[in-house]
Amino acid sequence: LFSMSTFAQTKEYGNEADAEKIVRNAVTLLKKNAYSSRFELNYYMASTEKNDIKIGKVDLKGRFFRIELLDTEIKFNGKIQWTYVASDNEVTITQPSQSDLQESNPMSMIEGMLSTNRIANNEKKVIAGCRVINFFPDNPKKAEYFKIVLYVTEQTGLPKKIVIYQRNGDKITMTFLDLRKVQYQPSNFVFKTSEYPNVTINDLR
């Protein structure tokens with residue numbers, strides 16, 4: 001994932017308590033401000049030794065989020081989630097649980113990592129300008145992964161990358177390509193049927 005020269009440019013930092021503060025600060029920043037970023041989603045499948053790479057876009061404002069990936073658009077306004085698939089011209093409406101949100105909203109995912117995992121900051125390194133924080137599941141037998149690594153940009157305190165190591169050898173990497181502050185209104189996170197002519201509505205609330 002990184003070149004050998006990148007790994008060579010490392011330095012030690014803090015302990016587990018310091019690492020937790022870094023993560024909580026990143027969550028606070030994501031809750032306090034609105035951000036937008038293109039992202040790269042890389043799914044490495046161990047059985048084929050191949051990478052499936054997709055580019056998407058994410059908008060965040062506290063618990064609100066909007067994600068565009070391929071022909072799918074997801075909007076969440078803090079209570080209701082709309083998942084629109086352009087190829088079917090169909091939108092599915094749900095009220096996701098907190099665990100559901102941890103699988104789709106990067107901010108909720110990072111925040112949830114603190115409550116369902118333990119930090120073991122064994123590396124104590126900064127790699128390519130990012131603080132590296134290791135998470136291991138509190139209940140390994142029930143988790144499909146054995147480790148999550150969070151990279152937090154040292155200069156901004158914002159997340160740069162999340163890497164999930166699955167027990168079956170697969171690896172999921174989400175990298176924020178250009179995370180930056182923006183201005184959004186709550187209406188930006190609401191699906192407006194008037195903007196999608198003849199859309200099929202599948203309301204599962």
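A polar contact is a pair of N or O atoms within 3.5 Å; within protein, one must be able to donate a hydrogen and the other to accept it, and residues adjacent in sequence count only if both atoms are side-chain atoms. The model is predicted, so local features need pLDDT of at least 70 and side-chain atom pairs count only at pLDDT 80 or more, while totals for chains, interfaces and linings use all residues. Residues are numbered from 1 along each chain as its sequence is written, and side-chain values use heavy atoms, without hydrogens and water.

**Helix α4**
- Helices (H or I, at least four residues) and strands (E, at least two) are DSSP runs, numbered from the N terminus.
- Asn 105 caps the N-terminal end of α4, with a side-chain oxygen 3.1 Å from the backbone nitrogen of Met 107.
- Helix α4 (residues 106-116) is largely enclosed by the rest of the structure, because 8 of its 11 residues are buried.
- Buried means under 20% relative accessible area, exposed over 50%, and partly exposed in between (1.4 Å probe, protein chains only).
- Among the buried residues of α4 are Pro 106, Met 107 and Leu 114.

**Loop residues with positive phi**
- Glu 49, in the loop between β1 (34-45) and β2 (50-61), has a phi near 55 degrees.
- Asn 198, in the loop between β13 (180-182) and β14 (200-203), has a phi of about 60 degrees.
- Glu 49 counts as exposed at 63% relative accessibility, and Asn 198 counts as exposed at 75%.
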